[in-house]
Amino acid sequence: MQFRAVLDSKGLGDVLAEQPAGGEESAASSQTGEVARGRAAAQDRQAKGLVVLAVDDMYQPLVDECGTAREAWVKLENLHAGNSKARKAALAREWA
């Protein structure tokens, strides 16, 4: 949650949102689309760089193999969601 706030504060919060499927472009909007894609790619690189800086060294290989900041974010979310579920199950067994 705090990391999303960091990205939002830098104008990069949308990078982690699911990307909608792209439609067809007209010739007139092609140049505008290229500029937008370039801007999105730059923002993604910035966001992924922040993810790399924020994660513990043991997660670096996981993040490095991801192509986008979103992919890294989802991978880390899934990794920690599994830990959370496993921890809850262990606590339930321990206190049962």
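Me: How many salt bridges does the structure hold?

Reply: Just to flag it, this is a predicted model. The structure holds 1 salt bridge. Glu65 forms that salt bridge with Lys75, and the closest N and O atoms are 2.6 Å apart.

Me: Where do Glu65 and Lys75 sit in the chain?

Reply: Glu65 is in the loop between α3 and α4, while Lys75 belongs to helix α4. They are 10 residues apart, and the pair links distant parts of the chain.

Me: Is Glu65 buried or exposed?

Reply: Glu65 counts as exposed because its relative accessible area is 52% and the cut-off for exposed is over 50%. Lys75 is partly exposed, at 27%.

Me: OK, stepping back. How many helices and strands does the protein chain have?

Reply: There are 4 helices and 0 strands. Reading from the N terminus, the order is α-α-α-α.

Me: And what about the largest nonpolar core, how many residues does it have?

Reply: That core has 16 residues, and Leu7 and Val51 have the most contacts inside it. The elements giving two or more residues to it are α1 (2–9), α2 (27–54) and α4 (69–95). Of these, α4 gives the most, with 4 residues.

Me: Which residues does Val51 touch, leaving out those up to four places away in sequence?

Reply: Val51 touches Phe3, Val63, Ala72 and Leu76.

Me: Switching to aromatics. How many aromatic pairs does the count come to?

Reply: The count is 1 aromatic pair. Phe3 and Trp73 make it up, and they are stacked, at 5.9 Å centre to centre with 20 degrees between the planes.

Me: Which helices does that pair link?

Reply: Phe3 is in helix α1 and Trp73 is in helix α4, 70 residues apart, so this pair links distant parts of the chain.

Me: Are Phe3 and Trp73 buried or exposed?

Reply: Phe3 is buried, and Trp73 is buried too.

Me: What share of the protein chain is buried?

Reply: Buried residues make up 22% of the 96 residues. The accessible surface comes to about 7100 Å², with 55% of it belonging to carbon and sulfur atoms.

Me: Last topic, confidence. Where is it lowest and where is it highest?

Reply: Confidence is lowest in α4, at a mean of 81, and highest in helix α3 (residues 60–64), at 92. For the protein chain the mean pLDDT is 82, and 85% of its residues reach 70 or more.

Definitions and conventions: Residues are numbered from 1 along each chain as its sequence is written. This is a predicted model: local features need pLDDT of at least 70, side-chain atom pairs count only at pLDDT 80 or more; totals for chains, interfaces and linings use all residues. Side-chain values use heavy atoms; hydrogens and water are left out. A nonpolar core is a set of buried Ala, Val, Leu, Ile, Met, Phe, Trp, Tyr and Cys residues joined through side-chain atoms within 4.5 Å. Buried means under 20% relative accessible area, exposed over 50%, partly exposed in between (1.4 Å probe, protein chains only). Contact means heavy atoms within 4.5 Å. Accessible areas come from the Shrake-Rupley method with a 1.4 Å probe; for residues, only the protein chains shown count as cover. Rings of Phe, Tyr and Trp (its six-membered ring) pair if their centres lie within 6.5 Å; planes under 30 degrees apart count as stacked, over 60 as edge-to-face and the rest as tilted. pLDDT is the predictor's confidence in each residue, from 0 to 100. A salt bridge is a side-chain nitrogen of Lys or Arg within 4 Å of a carboxyl oxygen of Asp or Glu.
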